[in-house]
Amino acid sequence: MRRRTLLLAAGLAAIGGQARATGVMTDWKGPPAAPPIDLYTPGGDPFALSSLLGKVVLVNFWATWCEPCVTEMPSLQRVRDQLAPGFEVLGVNYQEGPARIKAFIDKSGITFPIVRDTDGAVAKAWGARIFPASYLVDRAGRVKHVLVGGADWTGSKLVSTIRSLL
Amino acid sequence: MKRRTLLQALPAAGLLSTVPWATRAQPAQAGWRTFETVTRLEITQPTGAVQAWVPLPLSQDTDWFQTLENSVSGNFEKSRIVHEPVYRAAMVAATFKAGEPQPVVEVTSRFRTRDRKVELKPGAGMQATPAELATYLKPTELMPTDGIVRQTALDITKGARTDVDKARAVYEWVVENTERNPKTRGCGVGDIKAMLETRALNGKCADLNALFVGLVRAAGVPARDVYGIRVADSARGYKSLGKAGDITRAQHCRAEFHAQGIGWVPVDPADVRKVILEEKPNLTLADDVVKEARAMLWGGWEGNWMAYNYAHDVRLPGSGKAPVPFLMYPQAENAQGRLDALDPDNFRYRISSRELAA
């Protein structure tokens, strides 16, 4: 199996600099209840994180200008396909317009749900300042693990972490 | 005696209404140049009720920049000029009826400005009130002055005694330790804590000059970002430091610090890094053109730029959304949230500038 990818050219959501990715999720230290996500998709449909209760969800904060976010997207799609239907990825785009996001989705073949955090309030509520930032939420809606920086989500450690919640 | 700019908040209704706002006398003085900018917003695919906000030129009178006139037109239901309460940032706030097929608002601003050079002598710069100084020592959402910011500031300014010494140390540190990142969206965001924590000391003006401002504040010296937009080519020959005509993507923020006994002093370390990256290929700090820019931008600015405001964490009036970190771009919101201000092709706004005859 392929080892994790270290994304050294990582970007920061708020600033666009370097983030060091470990490829390993750490335990979530914040309040257990996942902050609500009630946003719109690029197509204009409302979408809520609460609609995914009962599934393990990886909430991934990203932007098209964030290189490591873009780099890790295919592996997010693969791990989602591998572990569905009990597992889902929810991509939360940071402050970009629907045309830009749709163009990216069309080009990359992403099929998991994407929502738009147009003013950054959801990212702030989750404490996501450095992008990509990914939060693993269990079937009861509790945040369990976090990983800041890009990764190969098909790596054995990450898949194992997700499987542990399924 | 100068007339004060009177910015009236006049409601306007109906199609393509035009509301002229204030004018002021234009005394002829050496070095002043007069410009007109036009900012036109079109919301091409409105969803529900639309609101828009357009930054206006600096509302405070200074000895280097004076707003002469603002006017607005469009098919809005209502528009008004609002001054954000903390920093007096001025903006047009326009609301459109739900169902308006193509909301449009156009703001025309006239102002005059001139080159600025503050010699580091007593009373050379504009003075500030104690309340102003207190404001520009405070942390902001993305510019904390404690923790790693404070520690870095103390390290940089170790041994510096005066405000000028401290600001100079930070200026040189920013010039020498940061890089302009051409891939940064817009002008950057200015999350200086994240920059220092990740050692990602790169970005554009809103990052690099925010780093200067935050570090100087953390060292106990008042400082502020000055958000604005380039409006003319550089008369000093820097092709990277000017933009005329279509200035839609020419936003640029500068910085000032306040030295006790001297006043506000202009600086722009971010533009030193811009010269290095863009003026010619393969420039370094050792090249003459960079040395000249580095010297010029310590205590001076070229008057080819329109200042908007000094504001951080701006709550847009009438919006239920989060504050914007700063107001340097037109903003708009519809029923599905805030539009992407850094995507003028899809958000659809254009900003143009022209110099007016004296």
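Helix 2 (residues 147–156) of chain B and helix 5 of chain B pack at about 80°, with their axes 8 Å apart. The two helices are therefore roughly perpendicular to each other (the term covers 65 to 115 degrees). Axes are lines fitted to C-alpha atoms, for helices over the stretch in contact, and angles run from 0 to 180 degrees between N-to-C directions. Helices are DSSP runs (H or I, at least four residues), numbered from the N terminus.

This is a predicted model, in which local features need pLDDT of at least 70, side-chain atom pairs count only at pLDDT 80 or more, and totals for chains, interfaces and linings use all residues. Residues are numbered from 1 along each chain as its sequence is written, and chains are lettered from A in the order in which they are written.

From helix 2 of chain B come B:Val149, B:Arg150, B:Thr152, B:Ala153 and B:Ile156; they meet B:Gly214, B:Leu215 and B:Ala218 of helix 5 of chain B. Contact means C-beta atoms, placed from the backbone, within 7 Å.

Helix 5 (residues 205–218) of chain B also packs with helix 6 (residues 269–278) of chain B. The angle is about 135°, and the axes lie 8 Å apart. Helix 5 of chain B contributes B:Cys205, B:Leu208, B:Asn209 and B:Phe212. Helix 6 of chain B contributes B:Pro269, B:Ala270 and B:Arg273.

Now the interface between chains. Here 23 residues of chain A are in contact with 27 residues of chain B. Helix 2 (98–108) and helix 3 (121–126) of chain A each supply at least two residues of the chain A side.

Terms used
Two residues are in contact if their C-beta atoms, placed from the backbone, lie within 7 Å. Angles under 35 degrees count as roughly parallel, over 145 as roughly antiparallel, 65 to 115 as roughly perpendicular and the rest as oblique.
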